[in-house]
2 protein chains.
Amino acid sequence: MSNNRADILAAARDVLTRHSLADLTMRRLATEVGVRPNALYWHFPNKQTLLAALADDILTDIAEPAPDLRWDERLEALATGMRTALLAVPDSAEVVSSSWASALSGRAVADDVASAAALGGLDEHGARAVATAICQLVIGLTIEEQTRAQMERLRVIEPSDRDFDEEFTGALAVIIDGARSRARVAGHL
Amino acid sequence: MSNNRADILAAARDVLTRHSLADLTMRRLATEVGVRPNALYWHFPNKQTLLAALADDILTDIAEPAPDLRWDERLEALATGMRTALLAVPDSAEVVSSSWASALSGRAVADDVASAAALGGLDEHGARAVATAICQLVIGLTIEEQTRAQMERLRVIEPSDRDFDEEFTGALAVIIDGARSRARVAGHL
C-alpha cells in the first residue's frame, strides 16, 4: 500500500516481468501499487517520465567494470554488462530506447562507453561514434530477442535455436576492432 | 474496395504514415481497405505474418548499390539505403525488428550486407558479425529516431536539434573500420 517512487518503479519492473510493456499503463500500475492514479502522477507527471525513470533504474544494475581492465576490455565489459542488465527485465530494451528518444533519461551508459573509448586515444567524435555503435547493438539486438521471447511465451511462434549471445559477441568484436583501429591511428596501440 | 495483397500492404503503410504502429490493428486495417476482417485473414493468417510481409515490402525499396563499388563502399551503401528506406515509413524500424524476431520475414538485407563483407575476405562468421553490427545500428538508431518523431508529433516532448544522421554516419564508420581491420588480417587490404 506504500506509494513511494521506489515502490512504483519496483511495481513497473514487476509488470514487465509478469506481463509486457503493452500492459504497463499508468492505470494498471496504480492498481498494482494499490493507489489511485493521482498518487502516481504526483511522482511521475506522465508515462514518458515514468519510463525514463524505469530505464535509469534498470541501467543502474550494470556491473562496474574491474578497474584494472584495459580500455578495450572496458568497452567489452560495459557492453556485456548493459546487455545483462537488460536481459534481466523483459521488454526493458524498448523502455531504454524510448527513454533515450524522449531525452528524459540520463545517458550515463553511453557516456561511460565514450569515456572508455577516449582512454584509447579516440577524439570526442570518434569516442561518441563507438558509444553509438555499441549502445545501438545492445538495444537493437535485445529488442529483437525480447520481442521474440514474448512471441514464444504467447505461443505466436515456435521456439528457435537462435543464439543471440553469439550474435552479440561477434558483432561487438567487430565494433571493438573498429575502435582499436582508430586507437592505432591515434598512436595508442 | 479491392482487397488484394498489395492493396492491404499499401493501406498498412498508410496507417503507419498517418498514424502509428499502435494504430495498425487487423480490424483497423480491414476498415481502411474497405473489407471485412475475414478477407484480410485470407491473405495474412495473423498480425505477425502481416508485419513480416510489410517489413519485406519496405525493405524492397533499398536502392541497389552501384556495381562498381568496392566491398567496403558497398557496406556503406547498403546501410545507408536501408536507413533511407526505413525513414520513408514512420515506425517501420520497429516493424522490421519484429519481423526478424518472428523469423517470418526474409533476411535479404542482412544476407546482402554479409555478402558484401565476404567480398572483403571475411570468413562467414566475421561477415555475419559485420551484418549484425550494421543492421542493429540501423534498426536501433532508427527505432529511437522514429519514436522521437512520434513523441514530437503528439507534442509529448519538444523538438530537439539532435542530428541522427550524423550519429548514424559516425557509428557506421567505426563498424566499417572494424570490417576493414578484419579484411587486412585476411590479406584483402
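1. UniProt annotations may be inferred rather than shown by experiment, and UniProt positions follow the numbering used here, with feature names shortened. With that in mind, the record, an unreviewed UniProt entry, places the feature "DNA-binding region" at residues 25-44 of chain A. In this predicted model, residues 25-44 of chain A are 75% helix and 0% strand. The end C-alpha atoms of that span lie 12 Å apart.

2. The fold of chain A is quickly described. Chain A has nine helices and zero strands, and from the N terminus on its elements run α-α-α-α-α-α-α-α-α. Along its principal axes, the C-alpha trace of chain A spans about 60 × 40 × 25 Å.

3. Next, the relation between the two chains. Two copies of a chain are related by a rotation about an axis and a shift along it. Here a rotation of 180° with 0.0 Å of shift along the axis superposes chain A on chain B, with an RMSD of 0.0 Å. That is the relation of a two-fold axis. The residue of chain A that comes closest to the rotation axis is A:G178, with its C-alpha at 1.7 Å.

4. How many residues of chain A are in contact with chain B? There are 38 residues of chain A in contact with 38 residues of chain B. Of the interface residues of chain A, 100% are also interface residues in chain B, so the copies meet through the same surface.

5. The size of an interface is often given as the accessible area lost when the parts come together. Chain A and chain B bury about 3,100 Å² between them, and 60% of this area is on carbon and sulfur atoms. Within chain A, the residues that lose the most area to chain B are A:A101, A:Q136 and A:V174, together 18% of what that side buries.

6. Between chain A and chain B, twelve residue pairs are in polar contact, with both residues at pLDDT 80 or more. The side of chain A that touches chain B draws at least two residues from each of α6 (92-102), α8 (124-153) and α9 (164-185) of chain A. Which helix gives the most to that side? The answer is α8(A), with 14 residues. By type, the residues of the side of chain A that touches chain B divide into 17 nonpolar, twelve polar and nine charged.

7. Salt bridges occur both between and within the chains. The count over all chains comes to 36 salt bridges, and four are found across the interface of chain A and chain B. In one salt bridge, B:D177 pairs with A:R182, their closest N and O atoms being 2.5 Å apart. Within chain A, A:E144 forms a salt bridge with A:R162, where the closest N and O atoms are 2.7 Å apart. This pair links distant parts of the chain, 18 residues apart: A:E144 is in helix α8 of chain A, and A:R162 is in the loop between α8 and α9 of chain A.

Definitions and conventions: Residues numbered from 1 in each chain as written. Chains lettered and ligands numbered in written order. Predicted model: local features only at pLDDT ≥ 70, side-chain atom pairs only at ≥ 80, totals over all residues. Heavy atoms only, no water. Contact = heavy atoms within 4.5 Å. Buried area = accessible area lost by both parts, 1.4 Å probe. Salt bridge = Lys/Arg side-chain N within 4 Å of Asp/Glu carboxyl O. Polar contact = N/O pair within 3.5 Å; in protein donor to acceptor, adjacent residues only side chain to side chain. Helix = DSSP H or I, 4+ residues; strand = E, 2+ residues; numbered from the N terminus. Nonpolar A, V, L, I, M, F, W, Y, C, P; charged D, E, K, R; others polar. Least-squares fit on C-alpha atoms with pLDDT ≥ 70 in both.
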